[in-house]
Amino acid sequence: MAPLSKAGAALAALRDELSGAVYAPGDAGYDAARAGSHPAVIARCADAADVVRAVRFARELDLPVAVGGAVGHGGVMVDLRRMREVSVDPGARTVRVEGGATMSGLDRACRPYGLAAPGAPDPATGVAGFVLGGGTGRLDRAFGLAVDGLRGVELVTADAELIRVGPEAHPELFWALHGGGGTFGVATALTLDLHELPEFTATLPLYRPEHGPEVVRAFREAVERGPDRLSGTLLYLTGPPGSAAGELMCGALVTYAGGAEALREAAAPLRALPVADELPYAEALGLFDAPRGPRSLSSAECLTGLPDELVDVYCSLGERMPVPSGSRHLLFPQGGAVAAGPHEYPLPFRDAPWVARPSARWEDPADDERARAWVREVRSGLAPWSTGDVPLDLIGDEGAERLRAGLGVGNLLRLEKVKRAYDPDDVFRFHHGIRPV
């Protein structure tokens with residue numbers, strides 16, 4: 001850390017140079033902007049030039065850098081929330097997305113053209129972090145993982161240099177950005193392929209938990225017999241306001257990259273079961289918000305398949321989920337365009353046909369151990385069917401072994417070499433950080 005006099009002068013210069021805002025502890029607005037972390041400085045950047053200035057400031061004071069709330073105590077948080085522009089080129093079927101854009105902004109910009117990019121279930125999710133982490137969502141089986149459509153990245157490196165990364169420019173770094181996440185720099189913009197999607201339909205029937213095994217088997221049948229445009233998520237949840245409010249329920253979100261009639265036909269096995277309630281997709285979206293706050297914990301396990309024995313185990317674990325709470329016990333299919341996608345990138349989880357995700361959210365500190373123990377119990381219970389692979393965008397910091405599993409040993413070694421070439425001082429070292437070796 002630099003002497004206080006040097007730090008003070010550098011901070012004053014940053015405040016003067018940045019087009020956006022700068023917050024330090026004690027400033028008005030700091031607490032609202034710090035996203036639960038305690039950075040030394042928050043740089044709310046207005047454009048890529050601001051990001052360059054913020055990284056240069058961090059290097060001058062020997063401070064680590066991260067985007068958003070992933071920053072550790074005493075680092076520099078690069079806040080991109082002002083950089084949300086989304087520009088669609090309908091003729092080329094591509095979109096340029098600034099580093100602070102969210103899924104809702106991407107969807108709103110693409111929808112008038114009947115186009116879409118695979119995206120996260122939570123509309124508030126940041127596009128850049130989601131894509132560079134691999135990206136699993138509702139359209140994967142139809143169009144592939146979000147990162148499969150990555151055309152190029154505008155990236156500020158640890159040397160405070162803005163570069164354009166693509167298949168021909170910095171190709172090894174471009175490879176690393178397919179799943180390696182934000183450990184190589186600050187992505188100020190991405191260019192993504194788009195897919196034709198004039199219609200998208202979905203529904204979420206809810207069932208009493210005693211019907212859980214039947215629901216899971218019916219959903220499995222629908223997915224295995226249906227086209228790749230059919231997808232969705234099984235989940236246990238606390239019933240929303242209505243007849244089952246506050247009670248444990250089992251749901252089957254069924255999505256279709258097409259019209260309502262095709263959805264009804266594909267979901268016929270589920271319609272034969274006794275539906276207790278039903279939510280339209282717009283209302284169901286809120287059930288898949290990413291967990292936030294200090295009382296939340298999520299993990300994930302990739303599964304070798306979904307045999308009947310595993311169905312029973314999944315359902316029994318769902319029945320032990322803390323209720324009432326904001327927790328979710330999720331299970332979703334892959335296959336389709338995910339399995340058929342490019343295998344040269346560090347995304348070994350793409351071959352898993354199913355992925356389970358226990359997501360605990362609670363409010364009462366007295367429930368801390370109970371909720372965290374449930375997540376551990378789910379992982380342990382599903383272990384006999386685990387592939388060992390991990391979608392890193394679905395888990396928090398679970399240690400070096402899970403990072404290695406998420407990327408693959410050979411991939412990790414290659415990623416570490418890329419890290420050494422572009423960030424030898426480990427400036428970007430938060431959230432699934434890769435060591436420069």
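How are α12 and α14 oriented to each other, roughly parallel or roughly antiparallel? I noted first that this is a predicted model, where local features need pLDDT of at least 70, side-chain atom pairs count only at pLDDT 80 or more, and totals for chains, interfaces and linings use all residues. Residues are numbered from 1 along each chain as its sequence is written, and side-chain values use heavy atoms, without hydrogens and water.

Helix pair. I found the axes of α12 (residues 308-318) and α14 (residues 368-382) within 10 Å, crossing at roughly 175 degrees. The two helices are therefore roughly antiparallel (angles over 145 degrees). On the α12 side I listed L310, V313 and L317; on the α14 side, W374, E377, V378, G381 and L382 (contact: heavy atoms within 4.5 Å).

Aromatic pairs. My search of the whole structure gave two (ring centres within 6.5 Å, the six-membered ring for Trp; edge-to-face means planes over 60 degrees apart). F219 and W354 have ring centres 6.2 Å apart and planes at 65 degrees, so I logged them as edge-to-face. F219 is in helix α8 and W354 in strand β19, so this pair ties together parts 135 residues apart in sequence. Both F219 and W354 are buried (under 20% relative accessible area, 1.4 Å probe, protein chains only).

Y236 and Y314 came next: centres 5.8 Å apart, planes at 65 degrees, so edge-to-face. Y236 sits in strand β13 and Y314 in α12, 78 residues apart. I read 0% relative accessibility for Y236, which counts as buried. Y314, at 2%, counts as buried too.

Terms used
Axes fitted to C-alpha atoms, helices over the stretch in contact; angles between N-to-C directions. Helix = DSSP H or I, 4+ residues; strand = E, 2+ residues; numbered from the N terminus. Parallel < 35°, antiparallel > 145°, perpendicular 65-115°, else oblique. Phe/Tyr/Trp six-rings, centres within 6.5 Å; stacked < 30°, edge-to-face > 60°. Buried < 20%, exposed > 50% of the residue type's maximum accessible area, 1.4 Å probe, protein only.
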